[in-house]
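Take a moment to look at the fold before reading on. The paragraphs below go from the overall layout to a pocket and then to charged pairs.

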Amino acid sequence: GGGADIDLAGAVIRKTSRGDVFVDLDTIRDQRAVLHVFQCNELKLDGYLYPSWLLLTQTHVIKLRELKASSREALVISRRPFSRLLKITAKKKHPTLLTFAFETTDLRPASPSPPPP
């Protein structure tokens with residue numbers, strides 16, 4: 001779901017049984033719906049940096065993880081609508097480290113609610 005303004009199908013190399021989608025970087029970056037492309041690194045909580053790409057369309061932010069530097073193949077990590085973007089922040093000490101905060105659509109309670117009396 002999401003990313004309706006971009007034709008992932010035109011760039012898809014393969015899909016896994018788990019639902020992972022792998023795309024050709026050159027094909028997806030060259031699509032007319034892609035307005036801006038940023039090569040970046042994703043910093044995970046475990047401290048590792050993962051070579052990544054952010055693609056901006058009129059309606060979505062799409063995050064791709066580069067699999068190998070020599071390969072033009074990338075894994076689609078997320079497709080988030082701009083309408084769910086709450087804020088983008090950076091720290092004074094690390095102005096190039098950006099954090100994107102999105103509104104979640106998961107409205108389930110964190111723990112099961114007690115049964116009604």
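Helices (H or I, at least four residues) and strands (E, at least two) are DSSP runs, numbered from the N terminus. By that rule, the protein chain has 1 helix and 8 strands. Their order along the sequence is β-β-α-β-β-β-β-β-β.

This is a predicted model, in which local features need pLDDT of at least 70, side-chain atom pairs count only at pLDDT 80 or more, and totals for chains, interfaces and linings use all residues. Residues are numbered from 1 along each chain as its sequence is written, and side-chain values use heavy atoms, with hydrogens and water left out.

How much of the chain is buried? Of the 117 residues in the protein chain, 27% are buried. Buried means under 20% relative accessible area, exposed over 50%, and partly exposed in between (1.4 Å probe, protein chains only). Now take contacts, meaning heavy atoms within 4.5 Å. Among those between residues at least 6 apart in sequence, 29% join residues at least 24 apart.

Next comes the largest pocket. On a 1 Å grid over the protein atoms alone, a pocket is an open set of points where a 1.4 Å probe fits, with protein on both sides within 12 Å along at least five of seven lines; lining residues have an atom within 4 Å of a point. The lining here has 21 residues, and N41, E42, L98, T99 and F100 lie nearest the centre. β3 (36–43), β4 (49–56), β5 (60–66), β6 (73–81) and β8 (98–102) each give at least two residues to this lining. The largest share, 5 residues, comes from β3.

Now look at the charged pairs. A salt bridge is a side-chain nitrogen of Lys or Arg within 4 Å of a carboxyl oxygen of Asp or Glu. The count is 8 salt bridges. Which residue pairs with K63? K63 forms a salt bridge with E42, with the closest N and O atoms 2.8 Å apart. K63 is in strand β5 and E42 in strand β3, 21 residues apart. E42 also forms a salt bridge with R65, at 2.5 Å between the closest N and O atoms. R65 is in strand β5, 23 residues from E42 in strand β3. Both E42 and R65 are buried.

A further salt bridge joins E103 and R84 (2.5 Å, N to O). E103 lies in the segment after β8 and R84 in the loop between β6 and β7 (85–90), so the pair ties together parts 19 residues apart in sequence. E103 is partly exposed, at 35% relative accessible area. R84 is also partly exposed, at 29%. Salt bridges that share partners join E42, K44, K63 and R65 into one network.
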